[in-house]
Amino acid sequence: MTTVNSHRRVTRRSGVSGWSGRTMVAVVLVVFVLFFVIPIVWLLLATTKSAHGLIVDNPFLPGGLGDLATNWNQLFGFQDGAVTAWVGNSALYALSALVIAIIASIPAGYAMALTDFRFRRLLLVLTLIVMLIPNTALVLPIFLELNVVGLIGSPLAVILPMSFFPFGVYLTYIYFSTSVPRDLLAAARLDGCSEFQVFTRVALPLAAPIIALVAFFSFVQSWNNFFLPFVMLPSSQGYPVQVGLTSLLASTPAFNPSSAGTQSVQLPTLALATVVSVLPVLIVFLFAQRFLVAGMTAGGTKE
C-alpha cells in the first residue's frame, strides 16, 4: 500500500512538472509573439494605409490597395527614382563582395585546414582576432587607406572592404577540418592529382553546403552594411538602400518638420521603404534555407 501511495505521489509530481514546463513554453511563445511578430505585422499593414489612416484607424486592420499603390508610387518617385538606384547599388555592392569573398575565403580556409605551411597557426589566430574586432572600428583606417589610393566615392571603396570576410574563412576552416575525409584527398594525390586539382576536383564539390553558407552570410552582411558606405560615398547617387533610408527619414515631416513640401515622405511610404530594404534578404533566405541548414550541420561531426 505504501508503495502504491508513493507511486501516486511521484506521478502527481511528474504531472505538475510537465504542466509547469508546458506553461513556461507557452509564456515564452506569447512573449516572443508580442515582442517580435506584432511589430512586423503592424509594419506590413502600415504600408497599405494613408498617412491619416495610419494615425486614426485600428493599427491591425489592413488599409486598401489604392493606398498601397499611392505609397508605392511616392516611394519610387522620390527624387526622380532614387530608391530604384539605391536598390541597384545595394545589389551591385553585395553581389560583387559575395563573389570576391567566396573566391578568397574558400581556398584560404582549405589551406589553413588541410595544408602545412609556415605561420599557419599565427594566421589562424589573426583571423580569429579580426573576427572579434567590430566592423565600425575598421572603417576609419580603411577610409584613410582608400583615400591615399584615390578610391573614395567609387564603388570599389565599398566592395573591397566588404569582400574582406574573416568569418567566411573561419567557417570554411572548420568545415574542411571536420567534414572532409583526409584519406579521400590522399587517394586523389596518389592518383596523380596536383594540389590544385585535389582542391578543385575533390574538396570543392564536397564544400557546396559551406559555400552556400558563406555566400549567405556575406550577402546579408554586405546588404545590411550602413556605416561603411555612409562614410565612403559622399554622393547620394552611389548610396545603397540602407544609407538611402536616411534621406527618406530626413524627408519625413514626422521626424523632420522642416522637410514639409513637395518631396516630403509620409509614414506609410517610409514603412514601405523599410519592407523593400529587407525583402531581398528574406527572399534569399527562403530560397537558400535548405543549403543553409546543410552548411550549419556539416561541421557537426568529426571524421
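## The largest pocket

A pocket is an open set of grid points with protein on both sides within 12 Å along at least five of seven lines. This model is predicted. Its largest pocket has a volume of about 300 Å³. In total, 18 residues line the largest pocket. Closest to its centre are N135, L138, P161, F164 and Q221.

Helix 5 (120–132), helix 6 (135–148), helix 7, helix 8 (166–178) and helix 12 (227–232) each give two or more residues. Helix 6 gives the most, with five residues. What kinds of residue make up the lining of the largest pocket? The count is 14 nonpolar, four polar and no charged.

## The second largest pocket

The second largest pocket has a volume of about 240 Å³. Its lining holds 15 residues. Of these, A108, T127, F164, P166 and V169 lie nearest the centre.

Helix 4, helix 5 and helix 8 each supply at least two residues here. Helix 4 provides the largest share, five residues. By type, the lining of the second largest pocket has 12 nonpolar residues, three polar and no charged.

## The cavity

The structure holds one cavity of 30 Å³ or more. About 40 Å³ of space lies in the largest cavity. Which residues line the largest cavity? They are S90, Y93, V158, M162, S222, W223, N225, P229 and P240.

Helix 4 (82–114), helix 7 (156–163) and helix 11 (208–224) each supply at least two residues of this lining. Six of the lining residues are nonpolar, three are polar and none is charged.

## Where helix 4 meets helix 10

Two packed helices are described by the angle and the distance between their axes. The axes of helix 4 and helix 10 (residues 195–206) come within 12 Å. They cross at roughly 110°. Angles of 65 to 115 degrees count as roughly perpendicular, so helix 4 is roughly perpendicular to helix 10.

Which residues in helix 4 and helix 10 meet? Helix 4 brings I106, P107 and Y110. Helix 10 brings E195, V198, F199, A203 and L204. The residues of this contact divide into seven nonpolar, no polar and one charged.

Conventions: Residues are numbered from 1 along each chain as its sequence is written. This is a predicted model: local features need pLDDT of at least 70, side-chain atom pairs count only at pLDDT 80 or more; totals for chains, interfaces and linings use all residues. Side-chain values use heavy atoms; hydrogens and water are left out. On a 1 Å grid over the protein atoms alone, a cavity is a set of points where a 1.4 Å probe fits but cannot get out, and a pocket is an open set with protein on both sides within 12 Å along at least five of seven lines; lining residues have an atom within 4 Å of a point. Grid points are joined across faces, edges and corners, and a volume is the space filled by probe spheres set on the points. Helices (H or I, at least four residues) and strands (E, at least two) are DSSP runs, numbered from the N terminus. Ala, Val, Leu, Ile, Met, Phe, Trp, Tyr, Cys and Pro count as nonpolar, Asp, Glu, Lys and Arg as charged, and the others, Gly among them, as polar. Axes are lines fitted to C-alpha atoms, for helices over the stretch in contact, and angles run from 0 to 180 degrees between N-to-C directions. Angles under 35 degrees count as roughly parallel, over 145 as roughly antiparallel, 65 to 115 as roughly perpendicular and the rest as oblique. Contact means heavy atoms within 4.5 Å.
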